[in-house]
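Q: I'd like a close look at one part of this model, with a walk through what sits around it. Could you take me through it step by step?

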Amino acid sequence: MSLEYAKNDWYAVADIFCLRDGPRRTRLLETDITVTGPAEDATVTDDQGNRYPVQLKFDHVWTTLGDSPRPLFDIPEGDEEGRRRVPCGVVRVNCSPLRAVENFLDIAHFPFVHTDILGSEPHTEVSPYKVAIREESDEVWATQVKFFQPQAAKSAGDGIVTDYDYRVPAPTVAVLYKTCPPKPEAQDVIAIFVQPVSETVSDVWPWMALYDDASTFSEMAQFQHEIFVQDRSILENQRPVKLPLDPKMEIPTRADMTSVAYRRWLKKRGAFYGALRDGA
Amino acid sequence: MTTRPVGLTRDLPAGRVMHAQADGKDMVVWRATDGTIAAWDNRCPHRGMALSHGFVRGNRLACLYHGWHYDRSGRCGLIPAHPDLEPPATIHATQYGVVETGGVIWVSADEAPAPDDSDLAPLRSFIVEASEDALRDAQEATSADGAPPAPEASDRVSVLCNPIEPGRTQVTVLTAPGLPLPRLRTLSRWCEAMRRQAEAKETA
Ligand code: FES
Ligand SMILES: [Fe+2]
């Protein structure tokens, strides 16, 4: 646990589209809340009538339940000219929010879980890459990650070796930057914003900012949504449900350096909501 | 822990994987291409994925998540992310005991003795949403009057229970070998009657 720590982060609780059909009743950190639109001027209230701070960022409505929230991170690339920003809706997953983030940081599962889309056998090898906890921003970064992909994005035809950088700016958020097939000098940005409903239930909001003129908006959203539904079949079948921070409970290999750093970083921050602590 | 019946041999052909539960433990039971069977804790040592979602590759079980291979002794033999790496011997699935007698698969978490060989033949294995007690009561009630479809002495019916969780029981029914098909159909109907009665009592 460590609900107090978790309360002082910001969380996506709606996207700019879902409030058009009326308010969203949802749960955040085990508190029932109502998000009422329009997105540009949304309000978040609990059942006792308490009102929580709101900001609109990355096409989502963000809120926090804490009294002294840490600042919401930025994704500057998202604002670049010519990118199409695609909120992909919400996927409910019965898993720890931290397991959802860790899965997003993992490439070794591509050939097995996203077969013939993000990976395919026999191209299973994960080459060495770099991982660091950046002191100035206090974020986890994995860089120079390379992986062979048969169909890396909606706009990619044949297979290519895709370059990735991964970034964890907050315990329940992961951002990736990857080779952008139609624009080699730029990188596509894909993120997941995880809304922790509880320690074992997550609402996941995938979001993208892409250079892609060929695909329609719904094709792009659909592609990402399908990928995440494949991840859900894994995430709902991991035991224990909470992410174990005791290094003896799960055995990592070299490909898991990002996950090892992520778990260490959570521990260092005291971000234990959704985690199983040492010896617990 | 005792030895528990978790399914029928004929329902687990070579190359297949199943989920089993016994004495509060989640297990994966799978059969290699060469016909040998193994039962393990249903958890991949890498990231805790349920191995019952995995697939058989020859004589190894591969985890669905990152494709790690485990041989029949439970030892990890391949990490696809690092195909040239010899996986450390410490990476090991947790093994349980498993034996097959009379067409029934039995598991145990410790080295509990295997059940006696019997000449009985398996009729069915099914899940009942009722406690073992309710099932036993229903067995008695539906057998009492001896009217069809109730079993007769010559059927030598034996009902095995594996309590899975409160109010949920896996039931394996055995009969004398070589019964004619119409008789087996009748006994199947009796199984249904027993199940209905147990479940009705459970919800009452
Ligand atoms: S969890 Fe089984 S191979 Fe990774
Ligand atoms: Fe995935």
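Which side chain makes a polar contact with the side chain of A:Thr26 at 2.8 Å?

A: That partner is A:Gln195: its side chain and the side chain of A:Thr26 are in polar contact at 2.8 Å. Keep in mind that this is a predicted model. A second polar contact links the side chain of A:Thr26 to the side chain of A:Arg24, this time at 3.4 Å.

So where is this threonine? Look along chain A for strand β2, which covers residues 24-28, and you'll find A:Thr26 there. Is A:Thr26 buried or exposed? Its relative accessible area is 8%, and buried means under 20%, so A:Thr26 counts as buried.

Now for the neighbours. Leaving out residues up to four places away in sequence, A:Thr26 touches A:Val13, A:Thr31, A:Asp32, A:Ile33, A:Val35, A:Gln195 and A:Asp203.

Let's step back to where the two chains meet. Chain A puts 28 residues into the contact, and chain B puts in 23 residues. On the chain A side, A:Phe112, A:Asn237 and A:Ile251 lose the most area to chain B, together making up 29% of what that side buries. In total, about 2,100 Å² is buried between chain A and chain B, with carbon and sulfur atoms giving 51% of it.

The rule finds five salt bridges across the interface of chain A and chain B. One of them can be spotted between A:Glu250 and B:Arg43, where the closest N and O atoms are 3.2 Å apart.

One last stop: the cysteines. The structure holds zero disulfides over all chains. Over in chain B, B:Cys44 is buried, with a relative accessible area of 2%. B:Cys76 is in no disulfide, and the nearest cysteine sulfur, belonging to B:Cys44, is 7.7 Å away. B:Cys76 counts as buried as well, at 3% relative accessibility.

Technical notes:
Residues numbered from 1 in each chain as written. Chains lettered and ligands numbered in written order. Predicted model: local features only at pLDDT ≥ 70, side-chain atom pairs only at ≥ 80, totals over all residues. Heavy atoms only, no water. Contact = heavy atoms within 4.5 Å. Buried area = accessible area lost by both parts, 1.4 Å probe. Salt bridge = Lys/Arg side-chain N within 4 Å of Asp/Glu carboxyl O. Helix = DSSP H or I, 4+ residues; strand = E, 2+ residues; numbered from the N terminus. Buried < 20%, exposed > 50% of the residue type's maximum accessible area, 1.4 Å probe, protein only. Polar contact = N/O pair within 3.5 Å; in protein donor to acceptor, adjacent residues only side chain to side chain. Disulfide = S-S within 2.5 Å.
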